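User: Hi, could you walk me through this one with me asking as we go? I'd like plain answers, please.

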Amino acid sequence: MHDVIAFIEHTAGQPRRVSLEAATKAKELASKLGGKAHAVIVGGGASAAAEILKGYPVDQIHVLDDAALDGFLIDPSVDALESVAKAAGPALVLVPNTMTGRDVGSRLAARLDAGMNADATDIVVNGTNVACVSPKLGGLTITTCAFKNSEYGVVAIRPNVFTAQAQAGAGEIVAIAPSGKSYAIVVEETVNEAAAELGVEEASVVVSGGRGLGGPEPFKTILKDLADELGGAVGASRAAVDAGWISHGHQVGQTGKTISPNLYIAVGISGAIQHKVGMRTASTIVAINKDGGVPIADFADLLVVGDAFAIVPELTRAVRSAKA
Amino acid sequence: MKIVVTVKLVPDTSADKRIDPATKRLVRGGVETVLNPFDEYAIEAALQLKEKLGEGTTVTIFTMAPETGKEVVRKALAMGADDAVMLSDAGLAGSDIWGTSYAMAAALKKIGFDLVITGTQSTDAITGDVPGMLAEYLGVPGLTYLRKLEVDGDKVRGQRETETGFQTVSAATPALVSVTKSINEPRYPSLKGIMGAKKKTIVMMTLAELGLTKAVGSDGAKTELTDLATPPVRGKGQVVTAADGTEGARIIVDFLKEKKLL
């Protein structure tokens, strides 16, 4: 492998942040491998996204700007990546570990008969060999997997792990020839739900509440606001669910869901074993509790002892301004 | 309509899994093997389609697992599936995502299908990459992350979850769909179902029957485990007392920034 190709996932020309992380990482890896870094952008608004990508260190930006392709799922992107990969020769392809990224990456891997490494948190180059580091078994173990037996490798990179570094590269724009194919999966409509509720098992951030919240209201207000601001979901302990404050679908723990989000914020949750087994594999655990002697103090990365009703709304505001 | 549901056998999700520091392998002793919980939604989706479409629709369970997994496959049959096929071969040991998908696709082609239904991911590997690779090797449309699924003639349509809402997607069969946990509540096997499952057929399949042209198992794998590390046990972190909401928020924001979570 010498070249590195980053698949740029975007919405109407606005790249997802993880794609900028992928573009930055692509250049770093390509330099080590002695090859070029490519970005591949497909769909309506691809040219606008390419302008943004010029501010990142990639050598070539391959563009297929055609809004009609947005009417089909996955396949146009796979075709575009395949054509760029085949022209580049042995290459590493970086896709975001998102729903679309996994779909595109896995289909591409099969198309290229390539190895696939999922949910990478680090990528190591050794000569011309590439290995990926990924947490497995819900963070219980960290594996390093090297590619072999294949000219190509596909890596789904975990969002928020690699740094997006704005620094203009050669940024040569290259048009991708349309495949001319008719595609099988029709997207009949795309709906953005204002009140989209992300399930706790799929959310990368989960804000959970427990007995300490005292009633159903905080789940709908202060926790929901914080979860929305962090792009996450609202979870709950068994005590809160059993009290009827929130539905069972939100329950984290032995008799609820076992989850591994990037960030778990436990509000008013003591952290008894039945809850712990459901969330201890979160990458980072932050707890807010009025009592510093609760069991969660022993395994949270940060326990803030204080009044959750005062801290959580302030935290929501602080996150909002930090993002702005 | 012939529906095939792919399932994986995984270590019990509620068990306290641990890695033996000496062998760097998962300690399996005392840990029960169960159906991957995500796959129960796929089975339920298939059974609901069968109930809706009526006569002429069958549900076959497919798994790639050692023969010892038979009893777990019976649980899927007890839910109401008609029969099962197990691809079981020592030559598959050490297969990676690529080899798994490649071998599974060959087996599914041999079984024949109008619709393949999968879960979104397994609770042990959690890659979520098999449905896509499988669809590509099968050469069929892959409609993924569906929270609603309907079949009308030779057309399959569903609501695909996205991070911000959903997309209504459709394609002609034969096709593959993966379904999420939001699609249904999987049924519990009834006593009658459990008794009936004992009489249902589980066909054993080996690699030799598939006529694969590429090597699978550890020899053919395109990724190789080179290192396995045990992360440090989650220890006690910082405990900080906040005088008021503003201070508490600042402590947390600083911490999240330091962790690159913000």
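User: Great, which residue stands opposite F7(A) in β4(A)?

Analyst: V40(A) is the residue in β4(A) that stands opposite F7(A). Before we go on: this is a predicted model, where local features need pLDDT of at least 70 and side-chain atom pairs count only at pLDDT 80 or more, while totals for chains, interfaces and linings use all residues. Residues are numbered from 1 along each chain as its sequence is written, with chains lettered from A and ligands numbered from 1 in the order in which they are written.

User: How many bridges join β1 and β4 of chain A?

Analyst: Four bridges join β1 (residues 3–7) to β4 (residues 37–42) of chain A, and the two strands run parallel. Two strands pair if DSSP finds at least two bridges between them. The element names come from DSSP runs numbered from the N terminus: helices are H or I with at least four residues, strands are E with at least two.

User: What sheet do they sit in, and in what order?

Analyst: An open sheet of seven strands in chain A, with parallel pairing, in the order β7-β11-β6-β1-β4-β5-β12. The edges are β7 (115–120) and β12 (172–175) of chain A; each has a single partner strand, so one side of each is left without a neighbour in the sheet. From one strand to the next, the twist averages 20 degrees. Axes here are lines fitted to C-alpha atoms, for helices over the stretch in contact, and angles run from 0 to 180 degrees between N-to-C directions.

User: Which helix packs on the sheet?

Analyst: Helix α1 (residues 17–33) of chain A does, touching β1, β4, β6 (91–96) and β11 (153–157) of chain A. The direction of α1 makes about 175 degrees with that of β1(A). For contacts in general, two residues count if their C-beta atoms, placed from the backbone, lie within 7 Å.

User: OK, new topic. How do α3 and α4 of chain A cross?

Analyst: The axes of α3 (residues 75–88) and α4 (residues 99–111) of chain A come within 9 Å and cross at roughly 50 degrees. That makes α3(A) oblique to α4(A); angles under 35 degrees count as roughly parallel, over 145 as roughly antiparallel, 65 to 115 as roughly perpendicular and the rest as oblique. The crossing of α3(A) and α4(A) is right-handed, meaning that the near helix is turned clockwise from the far one by less than a right angle, with anticlockwise being left-handed.

User: Which residues make that contact?

Analyst: On α3(A) they are S77(A), V78(A), L81(A) and E82(A), and on α4(A) they are V104(A), R107(A), L108(A) and R111(A). By class, there are four nonpolar, one polar and three charged residues in the contact of α3(A) with α4(A). Ala, Val, Leu, Ile, Met, Phe, Trp, Tyr, Cys and Pro count as nonpolar, Asp, Glu, Lys and Arg as charged, and the others, Gly among them, as polar.

User: Now the two chains. How many residues are in contact?

Analyst: 71 residues of chain B are in contact with 73 residues of chain A. On the chain B side, α7(B) gives the most, with nine residues. That side of chain B has 29 nonpolar, 25 polar and 17 charged residues.

User: What sheet is β10(A) part of?

Analyst: An open sheet of four strands with antiparallel pairing, in the order β8(A)-β9(A)-β10(A)-β12(B). β8 of chain A and β12 of chain B are the edges, each with a single partner strand, so one side of each is left without a neighbour in the sheet. Neighbouring strands of this sheet are turned by 25 degrees against each other on average, direction ignored.

User: And where is the cis peptide bond?

Analyst: The cis bond joins T173(B) and P174(B), with omega about 0 degrees. P174(B) is in the loop between β9 and β10 (175–179) of chain B.

User: Last one: what are the model's scores?

Analyst: The model scores ipTM 0.87 and pTM 0.82.
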